[in-house]
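Here are some notes on the packing of side chains, written for someone new to reading structures. Please keep the structure open while going through the points.

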Amino acid sequence: MRKGFLTFAAVGLLATGSMAACGDNGGSDQAGGSTDKKPKIGVILPDSKSSARWEGADRKFLEEAFKAAGVDYTIQNAQGDKSAFSTIADGMLTSGVTALMIVNLDSGTGKAVLEKAKSQGVATIDYDRLTLGGSAQYYVSFDNEAVGKLQGEGLSKCLTDKGAKSPVVAYLNGSPTDNNATLFKNGYDSVLKPKFDSKEYVKGPDQSVPDWDNAQAGVIFEQMLTQTKGKIDGVLAANDGLGNAAISVLKKNKLNGKVPVTGQDATVQGLQNILAGDQCMTVYKAIKEEAKAASDLAISLAKGEKKETGQTVKDPEGGRDVAAVLLTPKAIYKDNVKDVVTDGFVTKEELCTGAYTKLCADAGIS
């Protein structure tokens with residue numbers, strides 16, 4: 001991993017010199033896991049439809065870390081099913097995991113799972129998404145408001161580059177049950193709302209996409225385009241999957257490349273859309289670093305050890321400070337797509353296929 005890509009983000013965080021916040025969540029046994037059991041880590045991923053990252057990156061990097069540490073582990077995917085999520089958690093707890101890491105599907109389901117783990121003295125980590133009102137001792141993610149801010153700044157830059165005058169901007173927000181989607185929107189609103197208020201930009205349709213479902217996003221965006229009689233000049237799409245759904249509709253209307261679209265996750269599809277000129281930018285979150293931070297904590301907890309993070313984040317629903325590790329995201333445009341390849345997140349072989357071979361060469365990807 002190249003230096004400078006990721007540093008711990010302290011914006012909006014409260015520094016903490018100890019893990020006292022964790023101690024409030026169930027005492028020393030729960031905070032560090034049970035020491036009389038063989039260390040075993042359970043990880044529940046949310047789905048494989050909303051983003052390619054969960055199976056394509058997170059699983060791989062977490063497995064590598066657990067294997068290197070020589071600890072037992074199980075990683076399962078709930079595939080967007082809340083009932084399956086709970087069943088998987090029950091199975092992991094029954095199997096004797098000593099640390100449980102979850103990416104919640106919604107805070108209600110996540111909270112119930114975390115409470116059950118806590119009652120059994122199993123240490124817990126919220127991975128990527130904070131469970132509102134939950135009881136996880138740690139939260140490992142990116143600075144998600146910073147992600148949204150980069151998206152807002154990116155869309156503004158691309159609209160300026162196109163010389164747009166009073167552009168109509170539509171929002172395709174993430175799932176309303178995902179706290180990260182709220183944080184992303186806070187971030188891009190901080191950039192774009194002042195432009196709406198000053199009449200520099202015109203606020204267009206603004207809609208959340210249930211469960212980050214890309215198929216629903218396409219239907220929603222088609223309705224947006226019909227509603228505005230084709231007058232949408234920029235699309236703030238919360239991730240690459242939603243962005244690609246909008247691009248597919250724009251292609252049908254011969255508007256692709258003319259209407260800037262944002263994204264997030266630096267997926268192969270998103271990067272190819274950027275190289276083709278159909279997507280304005282994406283946000284790169286080096287999952288390898290996020291997975292490393294989370295796996296380091298999970299391995300320690302599974303062995304009954306605590307770790308200090310030096311940071312906390314406030315749970316707005318539970319009102320508590322959660323020990324946190326937040327990483328810094330990076331904006332990716334056509335001129336720095338190569339940085340994602342250099343960083344090892346995607347390979348040239350994955351990205352530079354068929355028609356994208358020449359586009360990769362033009363972008364300096366060798």
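1. Asn273 is buried, because its relative accessible area is 5% and the cut-off for buried is under 20%. The model is a predicted one. Asn273 belongs to helix α10, which covers residues 268-275. Leaving out residues up to four places away in sequence, Asn273 touches Asn244, Ile247, Asp278 and Gln279.

2. Which residues touch the most other members of the largest nonpolar core? They are Ile41, Phe66, Met101, Tyr127 and Leu351, in a core of 46 residues. Helix α11 (residues 287-302) gives the most to this core, namely nine residues. As general background, nonpolar side chains in soluble globular proteins tend to be buried together.

3. When neighbours within four places in sequence are set aside, the contacts of Ile41 include Phe66, Val71, Val97 and Ala99.

4. Another core, of 41 residues, lies apart from the largest one. Among its members are Val147, Cys158, Val169 and Cys280.

5. On aromatic rings, the structure holds five aromatic pairs. In the pair of Tyr171 and Tyr188, the ring centres are 5.0 Å apart and the planes stand at 80°, so this pair is edge-to-face. Tyr171 is in strand β6 (residues 168-173) and Tyr188 in helix α7 (residues 179-197), so the pair links distant parts of the chain, 17 residues apart.

6. Tyr171 also pairs with Phe196, and this pair is tilted, with 6.2 Å from centre to centre and 55° between the planes. Since Tyr171 lies in strand β6 and Phe196 in helix α7, the pair ties together parts that are 25 residues apart in sequence. Through ring pairs, Tyr171, Tyr188 and Phe196 are linked into a cluster.

7. Two charged side chains remain to be mentioned. Where does Arg53 lie? Arg53 is over the face of Trp54, at 4.1 Å from the ring centre. Lys157 lies over the face of Tyr333, and here the distance from the ring centre is 4.9 Å.

Terms used:
Residues are numbered from 1 along each chain as its sequence is written. This is a predicted model: local features need pLDDT of at least 70, side-chain atom pairs count only at pLDDT 80 or more; totals for chains, interfaces and linings use all residues. Side-chain values use heavy atoms; hydrogens and water are left out. Rings of Phe, Tyr and Trp (its six-membered ring) pair if their centres lie within 6.5 Å; planes under 30 degrees apart count as stacked, over 60 as edge-to-face and the rest as tilted. Helices (H or I, at least four residues) and strands (E, at least two) are DSSP runs, numbered from the N terminus. A charge sits over a ring if NZ of Lys or CZ of Arg is within 6 Å of the ring centre and within 35 degrees of the ring normal. A nonpolar core is a set of buried Ala, Val, Leu, Ile, Met, Phe, Trp, Tyr and Cys residues joined through side-chain atoms within 4.5 Å. Buried means under 20% relative accessible area, exposed over 50%, partly exposed in between (1.4 Å probe, protein chains only). Contact means heavy atoms within 4.5 Å.
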